[in-house]
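Morning, everyone. Let me put the model up, and then we'll go through it.

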Amino acid sequence: MKTRSAVAIRHVAFEDLGSFAPVLDAAGYAVGYLEAADGLPLPASAEDADLLVILGGPIGAYEDDAYPFLMDELRLVERRLASGRPLLGICLGAQLIARAMGASVYPGPVKEIGWSPVRLTAAGASSCLRHLGAGAPVLHWHGDTFDLPQGATRLASSEHYENQAFSCGETLLALQFHLEVEPPRLERWFVGHAAEIAATAGIDVPGLRRDSRIHGPSLAAAAAKVLAEWLGRGQA
């Protein structure tokens, strides 16, 4: 019997909870999805969930003129932050959390797509991200970045982006990179992001597929440990 609820707000169908889903299941969470673009306001289940997850997507956290539903998400994140209840953001989700905390979100200097390592800060090395180890590649898929929000703790950086992960207390974790990906299901990403891949110099599907086969299994194993530890800390 599931004793906790988790709601994930999804922006595109193929960017879902991935390898995080079985971890949540094992931890006793009943998981439901809300499709951000399907119509708002967001229902009470998003407000009341024991865990709220904001997933990734191929739009900017600052593009609310084009995508008005982003403002509803921002208001939801603001209320969630005020409540102190567990909140996890991935890629666009992390950017929306940063914006809700008053930080600027903006286009970065380069597209960061593919497998490359993040460097953990001292705080990151003592956080749940320690399970990633030193120099292990993770999957990046973004062109935007954000300033570190006031009161947040930087956990990781990469070659091109200083702010790759941050936390605020034990109940907030924001990840610019993708820990949740499952290698066999990345074919959906390659199709869904075909135009972006084609427009990014130095990136192609065969290379992404090869690197995913090499690095994906070890990332999935580490990601399960990261999430399980974070859930244990945030729900204790």
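Start with A122: is it buried or exposed? It counts as exposed, because its relative accessibility is 69%. The cut-offs: buried is under 20% relative accessible area, exposed over 50%, partly exposed in between, with a 1.4 Å probe and protein chains only. A122 sits in helix 5, residues 122-125. Its C-alpha is 24 Å from that of H142, 20 residues apart along the chain.

Ground rules. This is a predicted model, where local features need pLDDT of at least 70, side-chain atom pairs count only at pLDDT 80 or more, and totals for chains, interfaces and linings use all residues. Residues are numbered from 1 along each chain as its sequence is written, and side-chain values use heavy atoms, with hydrogens and water left out.

Next, helix 3, residues 69-83. Helices here are DSSP runs of H or I, at least four residues; strands are E, at least two; both are numbered from the N terminus. Helix 3 has F69, L70, E73, L74, L76, V77 and R80 buried. They cover an arc of only 165° around the axis, so they lie on the same side of helix 3. That arc is taken from the directions from the helix axis to the C-beta atoms. Just after helix 3, G84 has a positive phi of about 75°.

Last, the largest pocket. A pocket is an open set of points on a 1 Å grid over the protein atoms alone, where a 1.4 Å probe fits, with protein on both sides within 12 Å along at least five of seven lines; lining residues have an atom within 4 Å of a point. Of its 18 lining residues, G57, P58, I59, G143 and E196 are the closest to the centre. Strand 7 gives the largest share, four residues.

Definitions and conventions
Expected span 1.5 Å × (residues − 1).
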